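Hello,

Here is the structure I promised to pass on. Please open it beside this email as you read.

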Protein chains: 2
Amino acid sequence: MKFYARAILPRGFKAGGVASGIKRSGKLDLALFYSEVPCLASGKFTTNSMAAAPVQLDKKTLQSHKVFRAIIANSGNANAYTGVEGVHDARLMAQLAARALSIEDSGVLVASTGIIGRRLPVEKIKKALPGLAAGLSAGGIAKAKQAIKTTDKFTKEITAKFTIGSDTVTVCGIAKGAGMIAPRMATMLVFIFTDAVITQAALDRALGAAVGNSFNCITVDGCMSTNDSVILLANKAAGNSCIDLTRNFTVFLGALQSVCLSLAKMIVRDGEGATKLISISVKGAKTGSDAKKIALTVASSNLFKTAMFASSRNIVGRIVAGVGASGAGVKEKDLSIRYSPLKKKEVDISIGVGKGKGKAVIYTSDLSFEYVKINAEYN
Amino acid sequence: MKFYARAILPRGFKAGGVASGIKRSGKLDLALFYSEVPCLASGKFTTNSMAAAPVQLDKKTLQSHKVFRAIIANSGNANAYTGVEGVHDARLMAQLAARALSIEDSGVLVASTGIIGRRLPVEKIKKALPGLAAGLSAGGIAKAKQAIKTTDKFTKEITAKFTIGSDTVTVCGIAKGAGMIAPRMATMLVFIFTDAVITQAALDRALGAAVGNSFNCITVDGCMSTNDSVILLANKAAGNSCIDLTRNFTVFLGALQSVCLSLAKMIVRDGEGATKLISISVKGAKTGSDAKKIALTVASSNLFKTAMFASSRNIVGRIVAGVGASGAGVKEKDLSIRYSPLKKKEVDISIGVGKGKGKAVIYTSDLSFEYVKINAEYN
């Protein structure tokens, strides 16, 4: 398996990005991803009960359609807390993209990120779409990945390539997200493209497993966005011997998991004001779910996060208090704590709780002056 | 009922505070509270499974003793995460106080707040105790309330007086706590003194209800300390007609609740770096517990807290995301949000979720640069 630190679209995919005017700054804010041939699709979405309109729509589209050709995504407006009008706008946005691409019969998925509670300016998207569709290219991913950014300090992108027989399969992912900073923007969008020939069942299983071990294991500010979406398109252009749950599944899953975990860590590293990437490993919990609860309670503690920012040795006391507050019933005598040098950019914390075989790893960032600044100063 | 914005010890109580040397700064760090006559006692403690040694000891003392005479409390060292040695030290501290006061047969309760994971310097306490015991007085509460402070910017104190027949009953409370900043210090200590004649059952019931509606409804940084303690002593010196669960209970409960809620709000107002006291009222939840979950999720969100610091109108989007993330299953169409002017020092937020009759109020503070500074810069 080979990895590339940039987005290289698999065969048959094209993309593009334009400034449609949704962002007042005039920055790129509308991205289009397109496959020349029909794709299978799989998606994972926020469990926030106030899920944004595009999330509501995508869930339905994934159920009602068998083939997909495109994703249309905007930044600058989350189309969240926008009621039935919002769902109407999301559907219109998908239809306009389908028309511009002349793919009315296939599914178009939609994603939005940005301010919550304001009507999406669909007219701007409508005007921008024909030019965006006409200008699509493999190299257009460069603009597309810019167009989904909000407060992101850097683009998040990675490509994995592996072979099945003599066929090379590509898995390419891009992401945006630097901590949820709704209502200005709303967290995490992840788009993954592969040319693998794969069954729907294998695609769904692989995405579920990969998301569970990556995006579901990170916390920047403990907030679950209204718009979190992970969308995977597979267009079968690699021509490989078909991947199903029994054949070649492991190698595909490995590639997808690596892509997801790399993107997840980039999101944490770009956490608003983050100066450190911190991994918190818990071992010896009664269950895996208990282990995750302990790691998340420590990771979400502002006291822990500020101590990490300061590289303070007093971190131990804050971990003790966090473990005790987790509700997992850990006793003082069973607790062991180890950590790598605190002044480094990446810090590993190991927590042993001596009760069983449950384990979990959570990735998080520290809490700095910059976090407060970024989140307070927008008015 | 009359309230006084200062601590006025009820009849029969004395207090004092000294600098024993636990705090390197030389500030007051050891407080002693004493009743000339035997007291009933009731206590509520942290549910953190890493509860500090004094908390472990007090729970046992409250079960093994029927009468109490004193509380010995120190700041500068939490005696938490200190193993069996810590429990030994806490017991020794109580025994030394009993000996200095010549009350070996009665219960002495213990409280500590400060750095986690360091052995308590009991020798310093031993040396300071005779002088502290000899100097006790009603006015000594002034030094005692200073001696329990850690990062507190101001002392927290209040007194309520009411009459039963021709007898005046006093309920006086003091507190420390400005957000848990373990391991340097650990949160909230509350000591309440009353001269009420009251049954043990009424005392326990009243304290449980008052704590449930005050200290259990505040969150500064979402962290539950290893040392949180609320201790109530009742010495019966008022000579009133006895309060039990059926007679005069409501008036006593009212006084105790007011004292607890006032102290709880002072703790939030003094939250590390706090510039605002925010009340979050949730109405219309399925259950009271759902309402509390919603209010706590919003109150604990760093995005919400930074927006409050900035008095940002975008607060609505952050409340929406918080309500949605709470797990209470609130739908967008059922949600209503109202708020008082955001630039004031006290802000009330009302959230309606239109599902039932459950309601709750949570008090919290905003998240400022100062919070990060206070918690990061200690090394």
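Below is what I found in it.

This is a predicted model, in which local features need pLDDT of at least 70, side-chain atom pairs count only at pLDDT 80 or more, and totals for chains, interfaces and linings use all residues. Residues are numbered from 1 along each chain as its sequence is written, chains are lettered from A and ligands numbered from 1 in the order in which they are written, and side-chain values use heavy atoms, without hydrogens and water.

Confidence comes first. pLDDT is the predictor's confidence in each residue, from 0 to 100. Chain A has a mean of 91, and 95% of its residues reach 70 or more. Residues 180–186 of chain A stay under 50. The model scores are ipTM 0.79 and pTM 0.85.

Next, the strands (E in DSSP, at least two residues, numbered from the N terminus). Two strands pair if DSSP finds at least two bridges between them. β7(A) pairs with β6(A), residues 156–164, in the antiparallel sense over 9 bridges. There, A:K161 stands opposite A:T170. The hairpin has 2 residues between these strands, and A:G165 takes a positive phi near 60 degrees. β7(A) also pairs with β8(A), residues 189–194, antiparallel over 6 bridges. A:C172 has A:F193 as its bridge partner in β8(A).

Last, a helix (H or I in DSSP, at least four residues). A:G327 follows α9(A), with a positive phi near 85 degrees.

Best wishes

Conventions:
Contact = heavy atoms within 4.5 Å.
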